[in-house]
Each structure stands twice: as structure tokens, then as C-alpha cells.
Amino acid sequence: MISIETGFEHDTLAVRAQGVISPEDYTEVLVPALEAVLRDHASVRLWYQIDDKCRGMRLSSLWQDFLLGVFHLDDFRCVAIVTDRGLFRRMGELIALFLPCPVKVFALSEQHLAREWLMQ
């Protein structure tokens, strides 16, 4: 499940993943929230927090993730991925190779550093 978090700057989309991420999380939550921020800003800072209770994503969610990247590739200013889950940390490092913006992976205990880096 993906939820949108509050308490961040107006040009930041803060996302939190828990449980199992479904395709509907993209189509009903993430994409509409991203497009809402893009109505007011040319680019978006993305905070993507993956909690320890996140059990992964459905295979069909990977397709939604790919489509999000294709259609919004140049819309991200920077991406902070915050997680302690090893698989998601490695996925974040892999994603960083393909996105044209800076991407950095942080541990959950480094949230303050992630926020500082995201706001630079």
C-alpha cells in the first residue's frame, strides 16, 4: 500500500510504502498526487520511504512503476529512497543508474540526512 505523507515542502511528493504495493497504488494514489504537484511545479522532489512492514510489490506493479518512469522521467529533480530493506536499497541503487536526476538511498535512521539532501 502506498500513502502520501504530509509535512514536506510544497514541491516535494512524499510517499510511504507498507504492506504489498499494488498497481492501484500507482493509478489511484501515486500518479494523481504526482500530477497534482506538477500542476504547480516544473519538477518534483520525491521522498520514497519503504517501511520494514513493506512485503514487496505485485508483479503487475513493476509495470506501473516502469510506466511512471517513462512518462515522468524528466519530472523529478531528485529522489531520496529511505529504507532498511536490503532488496529495496539495491533496487534504489539500480534505479539511480537510469534516472537523469540525483537518486540517493538512505537508512530509516538517516531520515534527517535524507531530508537535508532532498532540500539542497
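I81 stands opposite V105 in β5, and this pair belongs to strands β4 and β5, which run parallel and are joined by 4 bridges; strands count as paired if DSSP finds at least two bridges between them. Helices (H or I, at least four residues) and strands (E, at least two) are DSSP runs, numbered from the N terminus. The model is a predicted one, in which local features need pLDDT of at least 70 and side-chain atom pairs count only at pLDDT 80 or more, while totals for chains, interfaces and linings use all residues. Residues are numbered from 1 along each chain as its sequence is written, and side-chain values use heavy atoms, with hydrogens and water left out.

Strand β4 (residues 76-83) is largely enclosed by the rest of the structure, because 7 of its 8 residues are buried; buried means under 20% relative accessible area, exposed over 50%, and partly exposed in between (1.4 Å probe, protein chains only).

A second pairing involves strand β1 (residues 2-5) and strand β2 (residues 12-21), which pair in the antiparallel sense over 4 bridges, with S3 standing opposite R16 in β2. The hairpin of β1 and β2 has 6 residues between the strands, and there G7 takes a positive phi near 95 degrees.

Helix α1 holds D25, which counts as buried at 9% relative accessibility. Although D25 and M1 are 24 residues apart in sequence, their C-alpha atoms are 6.2 Å apart in space. Leaving aside neighbours within four places in sequence, D25 is in contact (heavy atoms within 4.5 Å) with M1, I2, V20 and L30.

When residues up to four places away in sequence are not counted, H41 touches H10 and D11.

The loop between α3 (86-96) and β5 (103-106) contains F98, which is exposed, with a relative accessible area of 63%. Together with L94 and L97, F98 makes a nonpolar surface patch of about 380 Å². Such patches are made of residues with over 30% relative accessible area and no salt bridge, where like charges are joined within 9 Å and nonpolar side chains (Val, Leu, Ile, Met, Phe, Trp, Tyr) within 5 Å.

Methods: Areas by Shrake-Rupley, 256 points an atom, 1.4 Å probe, with all protein chains shown as cover. Salt bridge = Lys/Arg side-chain N within 4 Å of Asp/Glu carboxyl O.
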